[in-house]
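Hello,

Could you take a look at the structure below when you have a moment? My notes follow it.

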Amino acid sequence: MNKGIYTLILRLDIPKDIRIGALGIISFKPGYYIYAGSALGSGGLSRVSRHIRFSRERYRKAKWHIDYLMEEAVLEKTVCAETKDRLECVLAAGIGGTYVEKFGCSDCDCASHLFYRKEEPTEEILAVFEKMGLKAVEHLVR
């Protein structure tokens, strides 16, 4: 399976307080949330398919930070790029801006891997991948 990095673009329509595992209850405002992740393990980018399946079917109990958010928000799109390099932190830094502290980054030194935008961020995300020299593929999930 091809390996790479990805973003999940989620939409939340109303303000919500959501328990995010060990992070506790976090207040989320309406808008778009961008999660930066890696798919470098044995399953590669099939990890993105598992996120999509979880968002639709809730086929297992939430385990990762992003699972808790996906139980409440709508997964709108994914943007993925193939790479064998550990670039998810570079991707997160490239997205930057308003973020949810400590979200999805327990295995690195980043402040967060989840970012907030008031407006739909797909073009911005594609530009970040391009700036990194990666060819990104966008997939509409809804």
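Let me start with a definition: Ala, Val, Leu, Ile, Met, Phe, Trp, Tyr, Cys and Pro count here as nonpolar, Asp, Glu, Lys and Arg as charged, and the others, Gly among them, as polar. This is a predicted model, in which local features need pLDDT of at least 70 and side-chain atom pairs count only at pLDDT 80 or more, while totals for chains, interfaces and linings use all residues. Residues are numbered from 1 along each chain as its sequence is written, and side-chain values use heavy atoms, with hydrogens and water left out.

First, the pockets. On a 1 Å grid over the protein atoms alone, a pocket is an open set of points where a 1.4 Å probe fits, with protein on both sides within 12 Å along at least five of seven lines; lining residues have an atom within 4 Å of a point. A volume is the space filled by probe spheres set on the points, which are joined across faces, edges and corners.

The second largest pocket, of about 180 Å³, has a lining of six nonpolar, one polar and two charged residues. Leu45, Val48, Ser49 and Ile52 are among them. Both α1 and β5 (74-82) supply at least two of its lining residues; helices (H or I, at least four residues) and strands (E, at least two) are DSSP runs, numbered from the N terminus.

The largest pocket has a volume of about 540 Å³. Of its 22 lining residues, Tyr6, Tyr35, Arg47, Trp64 and Asp107 are the closest to its centre. Strand β4 gives the largest share of the lining, four residues. By type, the lining holds six nonpolar, eight polar and eight charged residues.

Next, the rings. Tyr6 and Tyr35 form a tilted pair, 6.3 Å centre to centre with 50° between the planes. Tyr6 sits in strand β1 (residues 4-12) and Tyr35 in strand β4, 29 residues apart.

Is Phe103 buried or exposed? Phe103 is buried, at 0% relative accessibility (buried means under 20% relative accessible area, exposed over 50%, partly exposed in between, with a 1.4 Å probe and protein chains only). Ring pairs join Tyr6, Tyr35 and Phe103 into a cluster.

Best wishes

Terms used:
Rings of Phe, Tyr and Trp (its six-membered ring) pair if their centres lie within 6.5 Å; planes under 30 degrees apart count as stacked, over 60 as edge-to-face and the rest as tilted.
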